[in-house]
Amino acid sequence: MTGDEDGVFFLTGKDFANAGSASSNLKGILEKRGIPAEIIRRASIAAFEAEMNVIIYAVAGMMHYTITPERIKVVLQDMGPGIPDIGLAMQEGYSTAPDYIREMGFGSGMGLPNIKRNADKLTINSVVGEGTTVEFVISLERSGR
Amino acid sequence: MKLFELVESLSLDVKTPGADLTREVTGGYVSDLLSDVIGHAPEGAVWVTLQAHVNIVAVASLKGLAGIILANNRSPEEGTLRKASEVNVPVMTSGLPAFELVGRLYALGLRCR
């Protein structure tokens with residue numbers, strides 16, 4: 001498949017039993033399109049981290065993807081607490097996750113940096129008390145980086 | 001090294017019957033922080049951890065890891081095994097502590113890169 005394609009996955013906060021299924025489905029869609037493995041790897045990692053943030057912090061959210069021959073764009077929009085200081089949240093090791101989340105091995109403050117490292121472009125918009133939108137783009141016009 | 005050779009050498013207990021143990025293990029990684037594994041574990045690695053919940057399967061599948069070994073006799077949760085069988089991620093357990101386990105994996109020639 002080479003044309004444009006888009007879709008949406010709905011995410012439920014604290015639903016750890018199904019956490020990761022949206023990014024896993026997205027990975028399957030990318031594989032079907034025959035996108036190079038290295039790009040799929042980067043897109044799946046970024047999607048998983050962004051998905052987990054919604055599961056961990058928000059009440060609910062959605063992951064919307066659009067794939068064109070030029071790029072993969074993924075937008076995660078959530079109803080969550082919002083991020084008061086995005087610069088601080090981007091710092092490796094900074095996390096506001098509660099203890100029980102950390103005991104599961106999440107909340108190590110590496111999620112957003114992992115997204116940034118794997119995406120070609122990352123945009124975060126957040127309103128405290130309303131929610132956060134994380135958008136990342138991975139270019140398909142060159143292989144690897 | 002094939003996964004089944006590793007299972008034999010270290011007397012690992014395979015918790016996912018029917019899982020593909022013929023997979024080539026090309027490295028190793030040890031961590032209990034999921035984002036650390038996502039960021040740094042090499043593809044084809046066997047992952048040593050104490051985390052036993054279902055999300056480790058998603059991480060292993062995402063990263064194309066060869067399998068997960070739970071150290072110190074941690075038992076995987078039921079949901080973990082169900083998911084692992086579904087997506088064909090072998091889950092094994094060992095009575096050895098993580099330090100000891102990783103030492104033996106290293107001695108068998110596995111590296112992190």
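**Helix 2 with helix 5, chain A**

I looked up the handedness first: helix 2 of chain A and helix 5 of chain A cross in a left-handed way. I am working with a predicted model here. The two axes lie 9 Å apart, and helix 2 of chain A packs against helix 5 of chain A at an angle of about 155°. Angles over 145 degrees count as roughly antiparallel, so helix 2 of chain A and helix 5 of chain A are roughly antiparallel to each other.

Next I listed who meets whom. From helix 2 of chain A I noted A:R42, A:I45, A:A46, A:E49, A:A50, A:M52 and A:N53, which meet A:G111, A:N114, A:I115 and A:N118 of helix 5 of chain A. Sorted by class, this contact of helix 2 with helix 5 of chain A has five nonpolar, four polar and two charged residues.

**Helix 1 with helix 2, chain A**

Helix 2 of chain A has another partner to look at. I found helix 1 of chain A packed with helix 2 of chain A at an angle of about 160°, their axes 8 Å apart. That angle makes helix 1 of chain A roughly antiparallel to helix 2 of chain A. I wrote down the crossing of helix 1 and helix 2 of chain A as right-handed.

On the helix 1 side of chain A, the contact uses A:A22, A:S23, A:L26, A:K27, A:L30 and A:E31. Helix 2 of chain A answers with A:I40, A:A43, A:S44, A:A47, A:F48 and A:E51. I sorted the residues of this contact between helix 1 and helix 2 of chain A into seven nonpolar, two polar and three charged.

**Where chain A touches chain B**

How many residues does each chain bring to the contact? I found 18 residues from chain A and 15 residues from chain B. On the chain A side, helix 1 (21-32), helix 2 (37-57) and helix 5 (111-118) are the elements that give two or more residues. Helix 2 of chain A gives the most, with four residues. The side of chain A that touches chain B holds eight nonpolar, eight polar and two charged residues.

**Strands of chain A**

I then followed the strands. Strand 2 (residues 60-67) and strand 3 (residues 71-79) of chain A run antiparallel and are joined by eight bridges. A hairpin of three residues links strand 2 of chain A to strand 3 of chain A. I spotted A:A60 opposite A:M79 of strand 3 of chain A.

Strand 3 of chain A also pairs with strand 5 (residues 131-139) of chain A, antiparallel, over seven bridges. Here A:V75 has A:E135 of strand 5 of chain A as its bridge partner.

**The sheet of chain B**

In chain B I traced an open sheet of five strands in the order 1-5-4-3-2, with mixed pairing. Strand 1 (13-14) and strand 2 (27-30) of chain B are its edges, each pairing on one side only. Strand 2 of chain B runs parallel to strand 3 (residues 45-49) of chain B, with four bridges between them. I noted B:Y29 opposite B:W47 of strand 3 of chain B.

**Two positive phi values**

Last, I checked the backbone of two residues of chain B. B:S11 has a positive phi of about 50°, although it is not a glycine. I placed B:S11 in the loop between helix 1 (3-9) and strand 1 of chain B. Is B:S11 buried or exposed? With 9 other C-beta atoms within 10 Å, B:S11 is exposed.

B:N73, not a glycine either, has a positive phi of about 60°. B:N73 sits in the loop between strand 4 (67-70) and helix 4 (78-87) of chain B. I counted B:N73 as exposed because it has 11 C-beta neighbours inside 10 Å.

Methods. Residues numbered from 1 in each chain as written. Chains lettered and ligands numbered in written order. Predicted model: local features only at pLDDT ≥ 70, side-chain atom pairs only at ≥ 80, totals over all residues. Contact = placed C-beta atoms within 7 Å. Nonpolar A, V, L, I, M, F, W, Y, C, P; charged D, E, K, R; others polar. Pairing = 2+ DSSP bridges. Axes fitted to C-alpha atoms, helices over the stretch in contact; angles between N-to-C directions. Parallel < 35°, antiparallel > 145°, perpendicular 65-115°, else oblique. Left-handed = near helix turned anticlockwise from the far one by under 90°. Buried ≥ 20, exposed ≤ 12 C-beta atoms within 10 Å, placed from the backbone.
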